[in-house]
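Good morning, colleagues. I would like to take a few minutes for backbone geometry and aromatic contacts in the model now on the screen.

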Amino acid sequence: MSHLTQVPLTGADTGPREAAPPAPPPARRRPSSQQWAAWAFLAPVTLYLVLFYAYPLYRNIDLSLRNYTVRSFVQGDAPFTGLENYRTVFADATFLPALLHTALFTVVCLVFQYVIGLALAVFFHQHFRLSATLRALFLVPWLLPLIVSASTWSWMLNSDSGIVNTVLHGVGIDPVNWLTSPSWSLISVIIANIWIGVPFNLVVLYSGLQSIPAGLYEAAALDGAGAWRRFWSITFPLLRPVSAITLLLGLVYTLKVFDIIWIMTKGGPAESSTTFATWSYQLGFGNMLPAFGPGAAVGNLLVIAALVFGLVYIRVQRKQAWS
């Protein structure tokens, strides 16, 4: 049996031990030249976002929460009213028609712009002769200033001298009061906006088609898949990410369309083509006694709608990435 030998402790070991000195704090690292360069590149973008996005949004929210008049707008002493401007907007008789017109205008434009843009993208993806030339010509509506496009459509749809009614008269159809009839004014601005928005959808969707491998179509053709089968099984599913961002950007753009409607119909007649965008402008700037607060409240409703759809898009994209 082995015995353990205990070693006696010396006097130095039995006495109290002194506390070790605290470790010096880690030296703060100075930003490197690369970090300073990164901040230098970010500064103009940050300044731009603050000046042209954050500050105007803050001012618009402030306008909607105060009772601004022309005098108080200049002097800056408008009293705080909370959500009173929003209650005024919701109680206004124009609210429900403007909401319906905005929804109808947005949905119809998005559907037709996407469908026509996708059809043209698939058509030009065949790479036939003059494909590039014709594709460039389709970009003309997108490149023209909106005031030029809207003025052109106003002339074309004029009840008395418009080319559209002239053509209709030539085929035996009675002229239509496109811009002066409550039944046709909203349809007129929808047609004009579809014409303007189709090139954007064409460009983005055509770029998405370029990223689809040609080998998938060749393999499907060898398996006996026809043109429609290849479209529904290959093209359309693989275009979903591009289609989602196209529809989101188109939604944000269409919600705030103002120039086309205001130039063509000014929201009339009898508010038959009034949307939130034109109503907001009319409240804030279209009267002798501008209602800055309610006008800003209507504008904020558009911002909230665009934000909601943007958050929905981000959530859907995250779910697709996780799956």
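**Aromatic pairs and backbone exceptions**

Let me begin with Y281, which is partly exposed, as its relative accessible area is 32%. Please keep in mind that this is a predicted model.

The structure contains 21 aromatic pairs. One of them joins W228 and W232: their ring centres are 6.5 Å apart and the planes meet at 15°, so this pair is stacked. Both residues belong to helix α12, residues 227–238, and because they are 4 residues apart there, about one helical turn separates them. W228 counts as exposed, because its relative accessibility is 62%.

I return now to Y281. Its ring and that of F258 have centres 4.7 Å apart and planes at 45°, so the pair is tilted. F258 sits in the loop between α13 (240–255) and α14, while Y281 is in helix α15, so the contact ties together parts 23 residues apart in sequence. F258 and Y281 also belong to a cluster that ring pairs form with W262, F285 and F292.

I turn to the backbone. In general, most residues other than glycine have a negative phi, and most peptide bonds are trans. Which bond is cis here? The peptide bond between G268 and P269 is cis, with omega about -5°. P269 lies in the loop between α14 (259–264) and α15 (276–285). K266 is in the loop between α14 and α15, and has a positive phi, near 55°.

L130, not a glycine either, has a positive phi of about 65°. L130 is found in the loop between α5 (95–124) and α6 (131–137), and counts as exposed because its relative accessibility is 59%, where the cut-off is over 50%.

Definitions and conventions:
Residues are numbered from 1 along each chain as its sequence is written. This is a predicted model: local features need pLDDT of at least 70, side-chain atom pairs count only at pLDDT 80 or more; totals for chains, interfaces and linings use all residues. Side-chain values use heavy atoms; hydrogens and water are left out. Helices (H or I, at least four residues) and strands (E, at least two) are DSSP runs, numbered from the N terminus. Buried means under 20% relative accessible area, exposed over 50%, partly exposed in between (1.4 Å probe, protein chains only). Rings of Phe, Tyr and Trp (its six-membered ring) pair if their centres lie within 6.5 Å; planes under 30 degrees apart count as stacked, over 60 as edge-to-face and the rest as tilted.
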